[in-house]
There are 2 protein chains.
Amino acid sequence: MATTKDDSTDSVQFFEGVEKLLEIWFTSSSSINRKQGDLRQIPQWKWQSLLKIVRCEIISICRTEHVDAYVLSESSMFLSKRRLILKTCGTTTPLQCLEPLLELIKEYTGFEEVENVFYSRKNYKKPELQISPHQAFEEEVGLLDTFFPGGEAYCLGSVDSDCWYLYTLNKEKSVDEPSEPDQTLEILMTHLDPEIMALFTRDVCSSADEATQKSGIDKLIPNMIIDDFLFEPCGYSMNGVSKNGNYMTIHITPEPEFSYVSFESNIPEASYEEIIRRVLNTFKPKKFVVTVFANKESIAASCPRDLEQTDFLKCSGDWLRTDVQYCRFKNYDLTCAFYSRFPS
Amino acid sequence: MATTKDDSTDSVQFFEGVEKLLEIWFTSSSSINRKQGDLRQIPQWKWQSLLKIVRCEIISICRTEHVDAYVLSESSMFLSKRRLILKTCGTTTPLQCLEPLLELIKEYTGFEEVENVFYSRKNYKKPELQISPHQAFEEEVGLLDTFFPGGEAYCLGSVDSDCWYLYTLNKEKSVDEPSEPDQTLEILMTHLDPEIMALFTRDVCSSADEATQKSGIDKLIPNMIIDDFLFEPCGYSMNGVSKNGNYMTIHITPEPEFSYVSFESNIPEASYEEIIRRVLNTFKPKKFVVTVFANKESIAASCPRDLEQTDFLKCSGDWLRTDVQYCRFKNYDLTCAFYSRFPS
């Protein structure tokens, strides 16, 4: 999110807000390891050196009973017992850390198995600025395939234009280990309201807290412990963690030339309509993509289908759903829907 | 479909059964042209020279009241008043004929507008053998984009492995012109039963008619006028046309090393379960992909959703649906489902 002015030309230097999102669930064939292993046993200096490979740094940590939430120089990391979420923007290289990451986790937790992996991202605004293997999804998939046998790659939305890429294992869950409920809502927004974006600059707000409150981010999901950061001269990141371990995270690239906001949460809801509306009203994007993942055990199990079936935003007259795709994976349902503001 | 033995090595020369399927609906801003225009007004020698560009030839024509069905040296062509279907396999180059095709149609029919286009294909077995622009979907899309502003490209299924590509306009239908009912079922099969495939060789059957009857193709959809062709030394094509203008078409590459069968029909049905079962029982593939398209005006309007929601083949215990994706376009719903035979 941290962006700098390019003084030589007086033009704003480009920053890629679009994140690479890596979520891995670990397990072990040993029931002792399954019971005792915990990603939070790994010492912080180990994470620091790992994140060097990714090309980002730890800015702040908020530890709660169920989850450790990290604000990074480029987005966020969440660690719970057996789930890692690493979300990084800019020209970071999260897939370069896979080998040492899997080694590190085996060494400190005994988790030698990957139960599932989800690697996803929107298409970049400027792919040519990315570092290998992140310039092309095919290249990312090639690398992921070497670590995750049976992984499958998907491109949802319109290939080579507005699309969202996903790599996942899509394998049958073993019968003896019931799944825990899991769900993820993500809203990736572009072409945002410049007046709202101005809040996330040091010119307008003097602190992260001020930006969080003036924008209304603190009211999106109530009862979250918020760890927020306002970059110099502009850019914003926040992690929110609830008492029972659910998280939300928001990252903002406010420059009008390439404005981008991402919202993500695993808060369980029987309907995401209300939260989606709140997020849209808070940031007022001209274009966005919504993804909803849920497994059968989740209270949100029917949400992917609901999002696909009812174009609830159409009723408000502001939004046109330009594309929607629904996927059934072995353990998860997913809907990916693309919206544009109605031409006025 | 026509394949030859490579005598020098005694190995069977590879043939790409996977077809490129181009369907274009034409219209005109002039109501006189809309009324009077008909693709079948174009003289046959014009089609012959056009198909030279595609690298295939006319083998047989079956003219009926509503549709002219062509058997080609590589697959089929169907012409009706305002719909062209050109399905060609091997190393044909249908997209190379787009410019002269659109010119030809404008000249003879007055149709100067493309109402919709559907260009689709499965991933090739050997893409490196294809001729430009057909080696990569990206290249095909690049060319299609120059002819069809607003076209969108999709990749359903698993990118770079078992997938199905689609290019379509996905634009809002004009309100004053109601859509006519339209639906398409396609079943693309690989790894087929060698004993059944043997029927489509000159060694086993001496005529196309014999192959059609022994395989049971004549019973798949009753009351079709059948035009079939058995290639030398092997390979099979058939077109079927019903009295009211519905079509079916089957193309078979029987060699065990790269066996491939495609079935396609626009026959309107409230459920395709029975036809799909019949086709599977006729050819016994180990892997296949089913696509169902339908617009709102079609009696099959709910079929894409039904195919996605009920894994009806699972009940029979033989099939595993490995992947399913459902897409809502502006005027069509589509489901694309991938199946494998249960590991025994």
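Modeller: Helices (H or I, at least four residues) and strands (E, at least two) are DSSP runs, numbered from the N terminus. The loop between β12 and β13 of chain A holds P233(A). This is a predicted model, in which local features need pLDDT of at least 70 and side-chain atom pairs count only at pLDDT 80 or more, while totals for chains, interfaces and linings use all residues; side-chain values use heavy atoms, without hydrogens and water. Residues are numbered from 1 along each chain as its sequence is written, and chains are lettered from A and ligands numbered from 1 in the order written.

F231(A) has a relative accessible area of 5%, so it is buried (under 20% relative accessible area; exposed is over 50%, partly exposed in between; 1.4 Å probe, protein chains only).

An unreviewed UniProt entry lists F231(A) under "binding site", together with F15(A), E74(A) and E255(A); such annotations may be inferred rather than shown by experiment, and the positions follow the numbering used here, with feature names shortened. F15(A) is in another loop, between β2 (11-12) and β3 (20-27) of chain A. Its relative accessibility is 11%, so F15(A) counts as buried.

A cis bond is also found in chain B, where S132(B) is joined to P133(B) with omega about 5°. P133(B) lies in the loop between β8 (113-122) and α4 of chain B. E140(B) is in helix α4 (residues 137-147) of that chain, and P133(B) is among the residues in contact with E140(B), as are Y119(B) and R121(B) (contact means heavy atoms within 4.5 Å). E140(B) is buried because its relative accessible area is 0%.

Most residues other than glycine have a negative phi, and most peptide bonds are trans. S75(A), which is not a glycine, has a positive phi of about 80°. It lies in strand β6 (residues 75-79) of chain A, and at 0% relative accessible area S75(A) is buried. In chain B, S75(B) has a positive phi near 80°.

Helix α7 (residues 273-283) of chain A includes I275(A). Beyond four places in sequence, I275(A) touches residues including L185(A), I221(A) and F263(A). The largest nonpolar core has 111 residues, of which I24(A) and I24(B) touch the most other members (a core is a set of buried Ala, Val, Leu, Ile, Met, Phe, Trp, Tyr and Cys residues joined through side-chain atoms within 4.5 Å).

The contact between the chains takes 25 residues from chain A and 25 from chain B. About 2000 Å² is buried between them, 42% of it from carbon and sulfur atoms (the accessible area, with a 1.4 Å probe, that two parts lose on being put together, summed over both). The interface has 4 salt bridges (a side-chain nitrogen of Lys or Arg within 4 Å of a carboxyl oxygen of Asp or Glu). One of them joins R328(A) and E308(B), at 3.0 Å from N to O.

As for confidence, the mean pLDDT of chain A is 93, and 94% of its residues reach 70 or more (pLDDT is the predictor's confidence in each residue, from 0 to 100). Residues 4-8 of chain A are below 50. The model scores ipTM 0.85 and pTM 0.91.
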